[in-house]
Amino acid sequence: MNIDVIQLNGAQIFGLQNLYCYIDSVITLTANPAGGTFSGPGLFQDSLFNPSLAGPGTQTILYSFGSGNCLVETDKNIFIKDSIKTSIYVASDSVCYGKTINIRVIAVGGSGDDFIHTWTNPVETGDRIVTGK
C-alpha cells in the first residue's frame, strides 16, 4: 500500500472586492482549493454573496477546506456601505400654478457627503446635489 502525502498551500477567495454598496447584486464566489465551505453574513446557496443580506459595516467572509491537521482557512474583510434613506419636507401641501414651493430632501446613510437626487416633473427635470449629514 502506498500513501501519498500532499501538502496543501493556503486557501484563496476569489470574486470579492473590498467595498460594496448596500444594494449590490448577487456575487458568485470561488476559492482555491475548490470544494471547501464559505461562511459568513450574506452567503446563501454555498457560494453566493449578497451585500444587502450581509448588512452595513465591516463583514468577514471565511473559506475552509479540509479537516483536522489538513484544514486550511482564509478570510476576507469587506466593507458594505449603509443604505441611503431620504426624507422629503415641503413648505405646503399644495401649490398654485406658476407659484414656487420649497422642497427639502434630507439624505442619511451611504458613504461620503454628496448624493445626487434626480427630480422629475412635467415642467422641469434635472439633477440636484443633496448634502448628506
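A nonpolar surface patch of about 470 Å² is formed by M1, I3 and V5 in this predicted model, a patch being built from residues with over 30% relative accessible area and no salt bridge, with nonpolar side chains (Val, Leu, Ile, Met, Phe, Trp, Tyr) joined within 5 Å and like charges within 9 Å. A salt bridge here requires a side-chain nitrogen of Lys or Arg within 4 Å of a carboxyl oxygen of Asp or Glu, and accessible areas follow the Shrake-Rupley method with a 1.4 Å probe. V5 is placed in the segment before β1 (12-14), strands being DSSP runs (E) of at least two residues, numbered from the N terminus. With a relative accessibility of 76%, V5 is exposed (over 50%, whereas buried means under 20% and partly exposed lies in between).

Two aromatic pairs are found in a search of the whole structure, rings of Phe, Tyr and Trp (its six-membered ring) being paired if their centres lie within 6.5 Å, and classed as stacked with planes under 30 degrees apart, edge-to-face over 60 and tilted for the rest. The rings of Y20 and F49 have centres 6.0 Å apart and planes at 65°, so this pair is edge-to-face. Because Y20 belongs to strand β2 (residues 19-20) and F49 to strand β7 (residues 48-49), the pair ties together parts 29 residues apart in sequence. Y20 is buried at 4% relative accessible area, and F49 is buried at 0%.

For F38 and Y63, ring centres 4.8 Å apart and planes at 50° give a tilted pair. This pair links F38 in strand β5 (residues 37-39) with Y63 in strand β8 (residues 57-65), 25 residues apart. F38 is buried at 12%, as is Y63 at 1%.

Residues are numbered from 1 along each chain as its sequence is written, and side-chain values use heavy atoms, with hydrogens and water left out. As the model is predicted, local features need pLDDT of at least 70 and side-chain atom pairs count only at pLDDT 80 or more, whereas totals for chains, interfaces and linings use all residues.

Note on methods: Helix = DSSP H or I, 4+ residues; strand = E, 2+ residues; numbered from the N terminus. Buried < 20%, exposed > 50% of the residue type's maximum accessible area, 1.4 Å probe, protein only.
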